[in-house]
Amino acid sequence: MAATTIPSVNLKGCEKAMPVLSMGTASYPPADFEKIKAAILEAIKVGYRHFDTAFAYGSEKPVGEAIAEAVRLGLVQSRDELFITTKLWCSFAEPTQIVPACQMSLRNLQLDYVDLYLIHWPIRLTEMVSKTPVAREVVRPLDVKGAWAAMEECQKLGLTKAIGVSNFATKTIEEILSSATIPPAVNQVELNPLWRQEKLKDFCREKGIHFTAYSPLGANNTKWGDNRILDNEVLADIAKYRGKTTAQVALRWVYEQGVSIVTKSFNKERMKENLDILDWSLSEEDVEKINQLPQRKGTTLASVLGPHDIVLELDALV
């Protein structure tokens, strides 16, 4: 079977188009090096060209090794055929740490540049943490303007082709925009049928910031997610009628919001299924049913770092 061709979107200020379906590499508990590397190689074979990693996932090194192996095997002609996103972890969010942190990620990935570098969360940790939740005394507010100026420096130095944010609400993005010379190209946040993010999505669209959805299936089998998408009866009924899986219905709904998607599976067949959402549509009746589903945020910063006051304040923003 031929590899799926995935549509791309043009990001503001980025010469290279970004494939709208990407392969995520966050897993809980963390997968081992060889499993991640093998999954990336398999994903390239079935058509993925965009890979989403982060320092915090511990997946940068196996992703980098998989990219090098894919070039050696001729699965891609060069690294330039791939779009690589990685993220700045909170422990390196002091402005003076950000360029060195990006350079560290590039070493992990064995790359000269990434295509997109995101601030992972709008918060700073004063030390490197090996487990979560963390103690209150290590949690600090992010110097938003200072951090963004350092992100801009990463792009000016050629370490990344584009810069953006993740888990940022309208208020924090407004703070960036008030002083930015390079606006964020992307905001990557949780988005799925049970957390539609309409206000934030509309805000980002108005500002020319592309919206990327993570946890489109609810991050089942992680400590921060659950099975509420995959076990949803409304989605399951639509899937049965259309001859699709519940996951495909949820992913198609997200795709129809005009956003890009990070979806993660290390299973070859599910990788293929997650790509099989491009050549069919939901009906108006399907969409109406989905849009009536009750809303609840799934991924919170408090679920990762702990219910500290500053963390809860960030989680309350939209």
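The following questions and answers concern a predicted model.

User: Which strands form the closed barrel, and by how many degrees are neighbouring strands turned against each other on average?

Analyst: The barrel is closed and has 8 strands, with parallel pairing. Their order is β3-β4-β5-β6-β9-β10-β11-β12.

User: Which residue in β5 does Phe-51 stand opposite?

Analyst: Strand β4 covers residues 50-52. This strand pairs with β5 in the parallel sense, over 3 bridges. The residue of β5 opposite Phe-51 is Ile-84.

User: Is Ser-260 buried or exposed?

Analyst: Ser-260 belongs to strand β12, which spans residues 260-263. Leaving aside residues up to four places away in sequence, Ser-260 touches Met-18, Val-20, His-210, Phe-211, Thr-212 and Ala-213. The cut-off for a buried residue is under 20% relative accessible area. Because the relative accessibility of Ser-260 is 2%, this residue counts as buried.

User: What distance does helix α2 reach from its first C-alpha to its last?

Analyst: Helix α2 comprises residues 60-73, which gives 14 residues. At 1.5 Å a residue, a span of 20 Å is expected. The model comes close to that expectation, with a reach of 20 Å.

User: What covers the buried residues of α2?

Analyst: The buried residues of α2 are Glu-60, Pro-62, Val-63, Gly-64, Ala-66, Ile-67, Glu-69 and Ala-70. The elements that cover these buried residues include α1 (33-46), β5 (83-88) and α3 (95-109).
To return to the cover, the elements include α1, β5 and α3.

User: At about what angle does α3 run to β5?

Analyst: Helix α3 is included in what covers the buried residues of α2. This helix also lies across β5 and β6 (116-119). Its angle to β5 is about 135 degrees.

User: Why is α1 described as oblique to α9?

Analyst: Two packed helices are described by the angle between their axes and the distance between the axes. The axes of α1 and α9 (residues 268-275) come within 10 Å and cross at roughly 40 degrees. That angle makes the relation of α1 to α9 oblique.

User: Which residues in α9 do Ala-39, Glu-42, Ala-43 and Val-46 in α1 meet?

Analyst: Helix α1 passes α9 in a right-handed crossing. On the α1 side, the residues that meet α9 are Ala-39, Glu-42, Ala-43 and Val-46. Their counterparts in α9 are Lys-268, Met-271, Lys-272 and Leu-275.

Terms used
Residues numbered from 1 in each chain as written. Predicted model: local features only at pLDDT ≥ 70, side-chain atom pairs only at ≥ 80, totals over all residues. Heavy atoms only, no water. Helix = DSSP H or I, 4+ residues; strand = E, 2+ residues; numbered from the N terminus. Buried < 20%, exposed > 50% of the residue type's maximum accessible area, 1.4 Å probe, protein only. Contact = heavy atoms within 4.5 Å. Expected span 1.5 Å × (residues − 1). Pairing = 2+ DSSP bridges. Axes fitted to C-alpha atoms, helices over the stretch in contact; angles between N-to-C directions. Parallel < 35°, antiparallel > 145°, perpendicular 65-115°, else oblique. Left-handed = near helix turned anticlockwise from the far one by under 90°.
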